[in-house]
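I opened this entry to look up how the parts of the chain meet. The sequence and structure come first, then my notes.

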Amino acid sequence: MPEAVLERAADEMLDWHGSGMGVMEMSHRGKEFGEIYRKAEADFRTLLAVPSHFRILFMQGGGLGENAIVPLNLSQGGEVDFVISGSWSAKSHKEAQRYCQPRIAASNADSQHTTLPPPSQWRLGNRPAYVHVCSNETIHGVEFQELPDLKALGSDAPLVIDFSSHVASRPVDWHRVGLAFGGAQKNLGPAGLTIVVVRDDLLDRALDICPSAFNYKTVADNGSMYNTPPTWGIYVAGLTFEWLLGQSEAGLTGIAAMEHRNRAKASLLYDFIDRSDFYENKVAPDCRSRMNVPFFLRDEGRNEAFLAGAREAGLLQLKGHKSVGGMRASIYNAMPLEGVQALVAYMREFERSQA
Ligand SMILES: Cc1ncc(COP(=O)(O)O)c(C=O)c1O
């Protein structure tokens, strides 16, 4: 979380704008929360240049909830294509089996999820209800540098992207997207809020068994207030949207500034790792994530010492996911360049100390 956002939330915690209430104490249907909600939605639309024929839904259930909610709403029980690029897309594919007939159009399992099969090699079905990709694989550190253009592959199917772990780190090419979903907890705010951006024409296709609170049309028709939305999450995400809109760098503002900063942060770390004989990143350079950088010490016997020293240096949460091992630096939007510089300085010093 950006410190400025946390400070603002702390300042407003007991009394939001002189209303005599904290945000958690407001009715979600009251005037005050209505203001917070409308501003958050409008700012998100501006920030990511979401076109007017897409609806922005503030939901609950997280990324894994959407693994069920998307097929319930879009699959009509038919065939759906999945591109497996790491753990999260694999989970999405598995969950979809309960609701539709998922196929695997492409997979990078053979490379232990360190490459991305080029779209030209995907084997799409005849008429899939949609094509699902995870545009940033948080655990394996694999990111689509560019979203696939299904039309160029001769397919009219809507593209569904799970952008949970890189939302708002770069612009979204909405021409290529039918639906995007993501939990807010990486780049936008506290856990508990899920953002869904869905094209109008995909709203009204839900299976009868779809719970009403998760039916996109019901949620959209009720301005995300069919049931009580995650009000605190929406409020803090709204503060983050304001913070993002106010960012500037190299003559750029908003998301373009963030993208510029995120590229600089990621290159600093990858370049350092690539030049080193002590550390290693196994992901192919053309699909390396700018948000999640998994890396290994070539001598894994030094892992514990590395992590202990990192903790002492104030560098936290560097242990890799248990399914991959090694280390992982998650350098989300709120991590400043100085944070990555501190990590690289520590890595250099640790290597020197082990000589
Ligand atoms: C890309 C991606 N998708 C889905 C999820 C699952 O999200 P949640 O825990 O909000 O259900 C995560 C969580 O880390 C993720 O990184």
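I began with the domain assignment, which gives domain 1 (3–245) and domain 2 (249–353); such bounds come from an automatic or database assignment. This is a predicted model, where local features need pLDDT of at least 70, side-chain atom pairs count only at pLDDT 80 or more, and totals for chains, interfaces and linings use all residues. Residues are numbered from 1 along each chain as its sequence is written, and side-chain values use heavy atoms, with hydrogens and water left out.

I looked up the spacing: the centres of domain 1 and domain 2, taken over C-alpha atoms, are 26 Å apart. Each domain brings 25 residues to the contact (heavy atoms within 4.5 Å).

Next I looked up the buried area, meaning the accessible area (1.4 Å probe) that two parts lose on being put together, summed over both. Domain 1 and domain 2 bury about 2,000 Å² between them, with 57% of it on carbon and sulfur atoms. Of the area that domain 1 buries against domain 2, 25% comes from Thr114, Ile139 and Gln145, more than from any other three residues.

Which elements of domain 1 supply at least two residues to the side that touches domain 2? I noted strand S6 (142–143) and helix H6 (231–245); helices (H or I, at least four residues) and strands (E, at least two) are DSSP runs numbered from the N terminus. H6 gives the most, with 3 residues.

**Sheet.** I also followed an open antiparallel sheet of 3 strands, in the order S12-S13-S14; two strands pair if DSSP finds at least two bridges between them. Strand S12 (279–280) and strand S14 (327–330) are the edges, each pairing on one side only. Strand S13 (residues 292–297) is joined to S14 by 4 bridges, and Phe295 stands opposite Met327 in S14.
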